[in-house]
Amino acid sequence: MSAAPINRPDSDLKSDDAVARAGWLYYAGGMTQDQIAAEMGISRQRAQRLVSRAVANGLIKVRLEHPLAACLELEARLRDRYGLIECRVAPMLGVSADPARVIAPAAASLFEKVLARAEPQVIGVGTGRALRAMSDELQEGTCDRHRLVSLIGNISIDGSATMFEVILYIASRLNAPHYPMPVPVISSNREERDAFLALKPVQAVHRLGRKADAIFVGIGQMNNQAPLFLDGFVSEQELSEVRSLGGIGEVAGHIYDANGHYIDSEIHGRMAGIRVEPRLERLAVGIAAGASKIDAIRGALNGRIINGLVTDEATATALL
């Protein structure tokens with residue numbers, strides 16, 4: 001299958017993408033309309049309408065005539081390579097585009113798929129620029145049957161709120177009950193961390209976070225552009241030390257190596273957040289893109305820390 005550009009107003013892009021995805025799943029993926037509805041988190045009637053529109057709009061010929069076609073093929077290959085439950089690959093918007101903004105709509109679409117579940121959900125969320133960008137793309141509404149819980153502390157070293165704390169932004173758009181984690185991202189020492197963890201409100205947040213039905217996290221790299229370093233949570237010396245132990249990436253503040261094995265460093269002993277355990281059967285989505293994050297994303301995939309991924313074309317190609 002190949003793709004050719006379609007000139008549409010910006011307001012039509014999201015609708016066109018849904019039509020293209022449904023058409024691809026039906027004609028290339030061989031899915032039934034019931035399966036498409038489950039995959040996209042929509043009703044069977046809407047799935048039927050989308051497939052019909054794919055034909056009526058001329059998207060389906062011998063090939064899918066839409067920019068999303070190449071992305072859908074990358075998604076299928078990533079699912080096969082890494083055993084993913086969910087995968088979304090966003091089309092590139094040029095070398096100067098902000099990767100976090102590029103993947104934000106795709107991340108929001110997947111988040112909304114979880115929100116569409118009939119059963120009340122506990123959704124664990126991390127932090128970071130990509131998740132913050134995703135929150136801006138979520139449809140506003142009321143989702144008071146679901147609960148949002150933070151997986152990482154929300155206090156900086158100076159006592160201020162962390163810049164990319166996102167649970168409040170998401171909750172405000174969804175009018176959903178939410179549970180921030182009122183502790184430092186990294187405490188000064190293990191004793192201070194343990195004191196915070198002994199507080200009953202913090203224990204309640206931890207209990208809720210550990211049973212999250214779905215998880216959405218950013219993925220941080222551990223080079224000189226590491227979010228933990230740039231935001232002042234670890235010093236240059238601490239960054240160097242953890243890198244010497246093989247640290248290549250972090251999820252919810254917990255650092256792992258190229259094989260996706262968590263590193264038991266001194267920093268780990270001061271981290272009060274919830275660790276995303278490898279090989280969960282529940283959905284655990286990593287949201288990240290960009291050349292600087294490729295090794296970190298690959299490590300998280302190798303270790304099965306994440307079983308879902310939202311990224312862009314260039315990053316997906318590099319991962320393959």
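Ala-252 counts as buried because its relative accessibility is 6%, buried meaning under 20% relative accessible area, exposed over 50% and partly exposed in between (1.4 Å probe, protein chains only). Ala-252 sits in the loop between E7 and E8, and its phi is positive, about 55°, although it is not a glycine. Most residues other than glycine have a negative phi. The names E and H stand for DSSP runs numbered from the N terminus: strands (E) of at least two residues and helices (H or I) of at least four.

A word on the model itself: it is predicted, so local features need pLDDT of at least 70 and side-chain atom pairs count only at pLDDT 80 or more, while totals for chains, interfaces and linings use all residues. Residues are numbered from 1 along each chain as its sequence is written, and side-chain values use heavy atoms, with hydrogens and water left out.

Asn-175 is another non-glycine with a positive phi, here about 50°. Asn-175 is in the loop between H7 and E4 and counts as partly exposed, at 48% relative accessibility. Ser-265 belongs to the loop between strand E8 (254-256) and strand E9 (283-287), and its 9% relative accessibility makes it buried. Neighbours within four places in sequence aside, Ser-265 is in contact (heavy atoms within 4.5 Å) with Val-242 and Leu-245.

| Residue | Loop | Relative accessibility |
|---|---|---|
| Ala-252 | between E7 and E8 | 6% |
| Asn-175 | between H7 and E4 | 48% |
| Ser-265 | between E8 and E9 | 9% |

Now the sheets. E6, E7 and E8 form an open antiparallel sheet, in that order; two strands pair if DSSP finds at least two bridges between them. Strand E6 (220-221) and E8 are the edges, each pairing on one side only. E7 (residues 249-251) is joined to E8 by 3 bridges, and Gly-249 stands opposite Tyr-256 in E8. Helix H12 (residues 294-302) lies across E6, E7 and E8, at about 90° to E8.

The other sheet has 7 strands, is also open, and runs E1-E10-E9-E5-E2-E3-E4 with parallel pairing. Its edges are strand E1 (86-90) and strand E4 (178-179). E5 (residues 214-218) pairs with E9 over 5 bridges, with Ala-214 opposite Leu-283. E2 and E3 (residues 147-150) pair over 4 bridges, and Val-125 has Ser-150 in E3 as its bridge partner. In a regular strand the side chains alternate between the two faces of the sheet. In E2 (residues 122-125), Val-122 and Gly-124 point one way and Ile-123 and Val-125 the other, and all are buried.

On to the helices. The axes of H6 (residues 129-137) and H7 (residues 167-174) come within 9 Å and cross at roughly 10°. That makes H6 roughly parallel to H7, since angles under 35 degrees count as roughly parallel, over 145 as roughly antiparallel, 65 to 115 as roughly perpendicular and the rest as oblique. Axes are lines fitted to C-alpha atoms, for helices over the stretch in contact, and angles run from 0 to 180 degrees between N-to-C directions. Arg-132, Met-134, Ser-135 and Asp-136 in H6 meet Tyr-169, Ile-170 and Arg-173 in H7.

Gly-83 follows H4 and has a positive phi, near 65°.
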